[in-house]
Amino acid sequence: MRSVSPKSISLWPRFAVRWQQALGAALACALVLLAAGAIMAAYEDSLYKQQQIKEVDTQAQILAASVTAALSFGDNEAAQEYVNALSANPDLDAAAVYAAQGTPVAKYARDVEPPAHAPEVRGARFAGSGLSVVVPVVESGQTLGSVYVEASTEPLGRRFLRYSGIVLLAVMAALIVVVLGVAQAALRRANSELERRAEALAEANTQLVNEMEERAKAEAALRQSQKMEAIGRLTGGIAHDFNNLLMIVSGYSQVLKMKLSEPKMVQAVDAIHSAATRGEKLTRQLLSFARRQQLNPTVVDLRERMETVKSLISGSLAGEITLRIDVQPDIWPVNVDSAELELALLNIAINAKDAMPNGGTISFAVHNVTLDAENAVNGVMGDMAVITVSDTGTGIAPDIVAQIFDPFFTTKPVDKGTGLGLAQVYGFTHQSGGTVAATSDLGKGTTIAIYLPKAAGYAVNVAEPATLAAGEAHETVLVVEDNPDVAEVTRTLLSQLGYRVIPAANADEALRELEHGTRVEAMFSDIVMPGTMNGLVLAQEVSKRYPRVKILLTSGYNDIAKTAEQQFAILRKPYQLSALEKALRVTIEGGR
């Protein structure tokens, strides 16, 4: 049996104590390290959650900023494009955009479906293994809707495994430090990447803002165009009914003048006819604005035409006003109604003259320009001849410039203008395939530019027939007119010209007359008539059944006239006796 030395006995308790102390210290250190590790783990977990909340919230904020315009204009496709862009991030499982009512506008889902209705709770919320963030979409203090973004968090089992090594902190402490360092570096890289993406998204947002501004301008132009179109429809309808009234007044005044001999009565009839002529001019301007005016376009050489305009305008200007005209040598020809063009330029010149009560200069400049998508004027593009009319007058206030082409809008006194001059310019240019634009500086003057398309071909001018004296014709004309008063004045005018007249109140009566064998050389019919068959359909039917009957149509205003003029001659209401005579002779002797 081995003996134990006293020294050994004396050292063991000390060793045991020291070992216990060392073990306790080790355990204490382990516990401290474990606690420190647990604290660090908890802290790291908290940081992880905060960082994840920050990242997901940032993505949600960026999405909310991106879809503001889409929600404002109800552009669901644009919203879907922004949502689809988030699918590139593998950490995001679902995203959705909701309207103000909570209904979904756009969404995408990878592993989970977003809520069918906008969540009531805003901000970030952890649920199970997912983190969801709800951010409102606000513009100018108004909530347009909300966005929802969901990302998956780290599973609990994986998190436990990641932190189970804490019990071995004695050997893993250094590794943990390294891991934390690596994680921190990765976090810094992630933050750098996030900042880079944020900068890219900021640039994209800036571009989006610019596009929104351009879209707002385009929408403003569209609203202006729609307003002008609505006003045009209204004024066109008024002009149609007004032309029938003028037809009666003008027609009977012409008949009465032929039958009266007393000077005072002739003067009175002349005053009636003059008033009807002024009314005809007003309706012509209304129809021009409404783009319902029947135009007779021919290819016009603007260099020659401006000489005519110069003579026309010079007589309307005061002596203290200087007129200048500059035409580019190789100016393109345009296919327009020359009479309407002269009227448009005269209307602009008269407005310019009124803006220069103390005299000044009116300058006409004519040049070529090619408009493309970048420099289009009111959406009009192509090869254009431009006539700019500039004055040195008082100018127009910025808030009024946009209204100067509206019918009946005028800054002149009641007895100085009707407000239809520039409305005629607007209608003429748009009906001719061009446009008109105005710019002005208060105290410096105004410039109005007329854009007319370059002519693609040349028109053929038909020689006018010789004028027929009243009473020389012996043909029979079938007059189809539903308005009894207009029918009667038409019958009177035709009788004055020597034609025999057979009246018909509608298409059915006209066809019955022809079916009974009544011989007529020509049919003179209004286009707008009640019933199942209007004047154009009647003309087509008569032309097919009775090709020997020549056809002349008339209308004060109708969109169908645009189709009718391709097949038949059309006489615009109200018409003069000489115009009726000429149109009938052309129709009967060689018309369509």
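What is the order of the five strands in the open sheet with parallel pairing? The order is β14-β13-β15-β16-β17, where helices (H or I, at least four residues) and strands (E, at least two) are DSSP runs numbered from the N terminus, and where two strands pair if DSSP finds at least two bridges between them.

## Basis and confidence

This is a predicted model, in which local features need pLDDT of at least 70 and side-chain atom pairs count only at pLDDT 80 or more, whereas totals for chains, interfaces and linings use all residues. Residues are numbered from 1 along each chain as its sequence is written, and side-chain values use heavy atoms, with hydrogens and water left out.

The protein chain averages a pLDDT (the predictor's confidence in each residue, from 0 to 100) of 76, and 70% of the residues score at least 70. Over residues 1-12 the pLDDT stays under 50, and the model has two contacts (heavy atoms within 4.5 Å) beyond four places in sequence for this stretch.

## The parallel sheet

The open sheet of five strands, ordered β14-β13-β15-β16-β17, has parallel pairing. Its edge strands are β14 (500-504) and β17 (569-572), each of which pairs on one side only. Neighbouring strands of this sheet are turned by 25 degrees against each other on average, direction ignored, with axes taken as lines fitted to C-alpha atoms, for helices over the stretch in contact, and angles running from 0 to 180 degrees between N-to-C directions.

Within this sheet, strand β15 (residues 522-526) and strand β16 (residues 550-555) run parallel and are joined by five bridges; Ala 522 stands opposite Lys 550 in β16. Helix α12 (residues 507-515) packs on the sheet, where it touches β13 (476-480) and β14, and the direction of α12 makes about 155 degrees with that of β13.

The contact brings Ala 507, Ala 510, Leu 511, Leu 514 and Glu 515 in α12 to Leu 538, Glu 541, Val 542 and Arg 545 in α13. By class, the residues of the contact of α12 with α13 divide into six nonpolar, no polar and three charged, where Ala, Val, Leu, Ile, Met, Phe, Trp, Tyr, Cys and Pro count as nonpolar, Asp, Glu, Lys and Arg as charged, and the others, Gly among them, as polar.

For helix α11 (residues 484-496) and helix α15 (residues 577-590), the axes come within 10 Å and cross at roughly 70 degrees, so α11 is roughly perpendicular to α15. Leu 493, Leu 494 and Gln 496 in α11 meet Leu 577, Leu 580 and Leu 584 in α15, and the residues of this contact divide into five nonpolar, one polar and no charged.

## The mixed sheet and its helices

Another open sheet is formed by five strands in the order β7-β9-β10-β12-β11, and its pairing is mixed. The edge strands β7 (321-327) and β11 (435-441) each pair on one side only, and neighbouring strands of this sheet are turned by 15 degrees against each other on average, direction ignored. Strand β7 pairs with strand β9 (residues 360-371) in the parallel sense over seven bridges, and Val 327 stands opposite Val 366 in β9. Helix α7 (residues 302-314) packs on the sheet and touches β7, β9 and β10 (382-391), its direction making about 175 degrees with that of β7.

The axes of α7 and helix α8 (residues 338-354) come within 10 Å and cross at roughly 50 degrees, so α7 is oblique to α8. Residues of α7 including Leu 302, Arg 305 and Met 306 take part in the contact with α8, where the partners include Ser 338, Leu 341 and Glu 342. By class, this contact has nine nonpolar, two polar and two charged residues.

## The β1-β2 hairpin

Strand β1 (residues 92-99) pairs with strand β2 (residues 104-109) in the antiparallel sense over five bridges, and Ala 96 stands opposite Lys 107 in β2. The two strands β1 and β2 form a hairpin with four residues between them, and Gly 102 in the turn has a positive phi of about 95 degrees.

Definitions and conventions. Parallel < 35°, antiparallel > 145°, perpendicular 65-115°, else oblique.
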